[in-house]
Amino acid sequence: MDVISNAIDALVDITPLYMQGFLLTLALLGIAGVGAFILGVLIAAMRISPVPSLRVFATVYTEILRNIPLLLVLFFCAFVLPILGVDLDYFLLAALGLTLYTSPFVAEAVRSGFNGVPVGQAEAARSIGMGFTQTVGLVILPQASRMVVPPLINVFIALTKNTSVAGAFFVNELFKATGAASRDHGDLVLLTLVYAAALYLAITIPLGLIAGAIEKKVMVLR
Amino acid sequence: MSASVLYDAPGPKTRRNSAIASVVGAMLIIALIVWAYFILAAPRVSANGAEQPGLFDPSRTDILADPEVWGAFGRGVVNTLRMAGVAAVLAIIVGILFSFGRTAASKWIRIPTSILLEIFRGMPLLLLIFFVFLMFSTGGYWAGVLGLGIYNGAIIGEALRAGISSLPKGQREGGLSIGLTSLQTRFIVEFPQAFRQMLPIILAQLVVLLKDTSLAYVVAYPELSRTIKELQNFYGSRYVFTLFAIGLVIYLVMNVSLSYIARYIAKKSGPKDGATTPNTPKQPGVDGTRAITMPPRGHASYGVDNGSTGGGGY
């Protein structure tokens, strides 16, 4: 009995901390998700564009950001950008870092969706005299957008998990809260960890289910 | 000259315009870099009025003459590779086990495996490493290896499962009809094909694994990014930028070269055109860079000709 009441006390004790962390995690996910989506679509558009220099730029951007650990990207945002005159608090800097880090993955997902559209579609559009913008905007994009959604959701699931790294840079999100709670309640470490895991899973599993459902629907349509 | 079906080969006017735009764009980027360089190089006055030298000042880079620093970086790289190597082997083994569990005939195996897999895939790697470290008191190295192995194993397992389920039904039926047992069919007929088809994704995931070793900082394992932190503590925070820049270059070199090796292997042993595997990808994004490009002429219309890594990489 004593163990249980102890555990309940601890749960009550850490819940405010966890909720605050959870909200910050959600906020990071929201800001970085929207930002990375916009930036990623732009990069993907550059990568298929007729202008060679845009293609080169997008490729270099993707290669660099994909090959640096997130920890170093966030480090750059948190410590180097302020020197360059970017005057934001650590939360926004972390959101910016996550946006930059996630955008190439969004771009790759979008591009792979484009590539999933059968080549005959583009050929048909071109053969009736459509230009690049028309071909992409009227024929390829509407078909690709359906295919893009599941891998895109996978990218956002990864982003949810990656927000935990921001905890190392003065953002009190869920993982930081977990660290603090596991130190305060050394006897109930398992409880604090499972609690945090459950909160993360509460975001990622529904997203995964949505992705799966959409994927099934798209497969029927194709 | 472009082989894309999306647009015509540009004429002289378009070529000239895009050349001008390229030069202007490149100049803008160079100007931005130069500007950043000068800002970073300029001495700064901190809040209490003390002036600090610029980031490229010799007093910030003089530790580079110290062989101890390079020794520490070397040890950091070795530790990173040591962790990534063992974790990669573990991840592939765990991934194979997961993929068999997920496609098992008995639901008593299939459903628990699926739940376990969802949990491992949905949890942040940082939390998983922390979990192993605190619960099993394994020490930093094994906490990192186990965390990375299980997490990436779950993702590789999913990729392999997708590979198995995208095989034509006839493969399994063929195996069973010549008298192989269900398990033999899976091992001898289906699994080798799925593994080959998913090789690009598995290799891309291993690159991610190498990158993610940096998260072992949380259990104080002295890999590369932890080394940077420790050097900074030892030599003082004025070397922060120098150490960071060196770490960045080392990570880039390691990961880019591994990516290129991965792509080379994927191209050599990946699914060939006209293979038995279906050309239409069942999982959008996981497979399917072949459409819209025009492979017969050997040009990639979308500006890149590497294997698809769109599905992997988290």
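Buried residues, defined as those with 20 or more other C-beta atoms within 10 Å of their own C-beta atom, placed from the backbone, account for 45% of the 222 residues in chain A. The model is predicted, so that local features need pLDDT of at least 70 and side-chain atom pairs count only at pLDDT 80 or more, while totals for chains, interfaces and linings use all residues. Residues are numbered from 1 along each chain as its sequence is written, and chains are lettered from A and ligands numbered from 1 in the order in which they are written.

Chain A contains eight helices and zero strands, where helices are DSSP runs of H or I with at least four residues and strands are runs of E with at least two, numbered from the N terminus. The C-alpha atoms of chain A occupy a box of roughly 75 × 50 × 20 Å along the principal axes.

Contacts are assigned where the C-beta atoms of two residues, placed from the backbone, lie within 7 Å. By this criterion, 64 residues of chain A are in contact with 56 residues of chain B. Helix H8(A) supplies the largest share of the side of chain A that touches chain B, with 13 residues.

The largest nonpolar core has 125 residues, of which Leu74(A), Ala94(A), Leu127(B) and Ile129(B) touch the most other members. Such a core is a set of buried Ala, Val, Leu, Ile, Met, Phe, Trp, Tyr and Cys residues joined through C-beta atoms within 7 Å. Apart from its neighbours within four places in sequence, Leu127(B) is in contact with Ser164(A), Phe175(A), Thr178(A), Leu193(A), Ala196(A), Ala197(A) and Tyr200(A).

Technical notes:
Buried ≥ 20, exposed ≤ 12 C-beta atoms within 10 Å, placed from the backbone.
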